[in-house]
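Me: I'm new to reading protein models. Could you walk me through one, feature by feature?

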Amino acid sequence: MRRFSEPKRKAIGEEVSRLRKAGFIRELKEAEWVANPVMVPKKKTTALRMCIDYMSLNKHCPKDHFPLPRSDQIVDSIAGCDRLSFLDAYSGYNQIKLKKEDQELTAFITPHGVFCYNVMTFGLKNAGATYQRCMQACLGEQIGRNIEVYIDDIVVKTKHAATLIDDLRETFDNLDRYKINLNPKKCFFGVPGGQVLGYFISARGIEENPLKIKAILDMEPPKNLHQVQQLAGRLAALSRFIAKLGEKALPFYNLMKKYEALLHGMKMAKACGATRLEIYGDSNLVVQQSMNLCDAVSDNMISYHQLYQNMEAKFEGCELKHIGRASNKEADALANIGSMCSPIPDGVFYKVITTIDKGESIGISRIIG
């Protein structure tokens, strides 16, 4: 069992007491394996929330491939409606009971004892797909017509204000049939607009979320790979509102990929036991910066260059050579085959390297077929 500070022990005790009182968990005397709780802060508060680390359990569970709806299609479908109603199911996942034989698999250990869930909980591998299947069965006749559902996000869309009561009545009848309880404190009915899957939607259409823009404006200039990836993700979230974002950011993304490919290849070579490297690349900028033939100016490139130098120090020798893209077709073709998980075409020969003799040089980024 993990060690917890006193505030965390107290928060775990309160949460366990609440869950037992609601009938969501029960105590166990014996368990084949147990998971550990993780305490994380709740949104916009300093209060702690108990989550269970089911990583080990999830590794042994088959994947439920029930499809989730496309979020962009849901957003497009809701835009332009006169009235919207946002519904929140009370402890949504916890309203679905687990099979008796599966309940003990969710066992977790706390300073107050060992418990297991009687109901579905967050953190389980197929919880999202299972809940979506439940909502599909419950509201299937309405989905696409006057309601949209993305897992636990339920939006009743009323195209004309006059039909608002009829749309809500039909929705409540279906929810009651499946005994789905709502949390009235988090439900909003007949509002002109609101936030749906990260976008602000109303009768006017789809608008950007000011909070997402503020998050980008408040960012410090990226200084490492994680921050660069974080910036790229935030820009992608606003791609609907930035004309030709992919084209504008293409040099940025390509350069980032080139450096990432270089660093990943060096890590693989090191794992195979290589001591000297001869690397071929078709990005002249990456090659020249790595060989100190030109200076890295931006914070992003300086960060990548530092990572390269750290990796270079792990080898006895490392030399980069620039080649034209036309001379790098074999590596590009092999990379495309790998990314598409396609069968190896006839006439392409390859060798899987698992170990390398000491002192042997290995070429990276250029595979001769």
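Me: Among the contacts in the protein chain with a separation of 6 or more, what percentage comes from residues 24 or more positions apart?
Reply: First, a word on what you're looking at: this is a predicted model, where local features need pLDDT of at least 70, side-chain atom pairs count only at pLDDT 80 or more, and totals for chains, interfaces and linings use all residues. Residues are numbered from 1 along each chain as its sequence is written, and side-chain values use heavy atoms, with hydrogens and water left out. Now your question: a contact means heavy atoms within 4.5 Å. In this protein chain, residues 24 or more positions apart make up 70% of the contacts with a separation of 6 or more.

Me: How many helices and strands does the protein chain have?
Reply: Helices (H or I, at least four residues) and strands (E, at least two) are DSSP runs, numbered from the N terminus. Here you get 13 helices and 15 strands.

Me: And what share of the residues is buried?
Reply: Buried means under 20% relative accessible area, exposed means over 50%, and partly exposed is in between (1.4 Å probe, protein chains only). Of the 369 residues in the protein chain, 37% are buried.
The accessible surface of the chain, from the Shrake-Rupley method with a 1.4 Å probe (for residues, only the protein chains shown count as cover), comes to about 22,600 Å². Carbon and sulfur atoms own 54% of that surface.

Me: Which residues have the most contacts inside the largest nonpolar core?
Reply: A nonpolar core is a set of buried Ala, Val, Leu, Ile, Met, Phe, Trp, Tyr and Cys residues joined through side-chain atoms within 4.5 Å. The largest one has 40 residues, and Phe108 and Tyr117 have the most contacts inside it. Elements giving two or more residues to this core include helix 1 (6-22), strand 6 (113-117) and helix 5 (127-139). Helix 5 supplies the largest share, six residues.
There's also a second, separate core of 15 residues, with Tyr259, Ala274, Tyr308 and Cys318 among them.

Me: What does Tyr117 touch, leaving aside its neighbours within four places in sequence?
Reply: Its partners include Leu19, Phe24, Ile52, Gln103 and Phe108.

Me: Gln103 is on that list, so to speak. Is Gln103 buried or exposed?
Reply: Gln103 lies in helix 4 and counts as buried because its relative accessibility is 8%. Its side chain reaches the backbone oxygen of Leu98 at 3.2 Å. Beyond its neighbours within four places in sequence, Gln103 is in contact with Arg26, Leu98, Cys116, Tyr117 and Asn118.

Me: Which strands make up the open sheet with the order 10-11-12, and which of them are at the edges?
Reply: That sheet has three strands with antiparallel pairing, and its edge strands are strand 10 (193-196) and strand 12 (205-207). Helix 3 (residues 71-78) packs on the sheet, and its direction makes about 30° with that of strand 11.

Me: Last one: which phi does Ser91 have, and where does Ser91 lie?
Reply: Ser91 has a positive phi of about 45°, although it is not a glycine. You'll find Ser91 in the loop between strand 4 (83-87) and helix 4 (100-103), and at 25% relative accessibility Ser91 counts as partly exposed.
Lys179 also isn't a glycine, and has a positive phi of about 55°. Lys179 is exposed, with a relative accessible area of 66%.

Methods:
Polar contact = N/O pair within 3.5 Å; in protein donor to acceptor, adjacent residues only side chain to side chain. Pairing = 2+ DSSP bridges. Axes fitted to C-alpha atoms, helices over the stretch in contact; angles between N-to-C directions.
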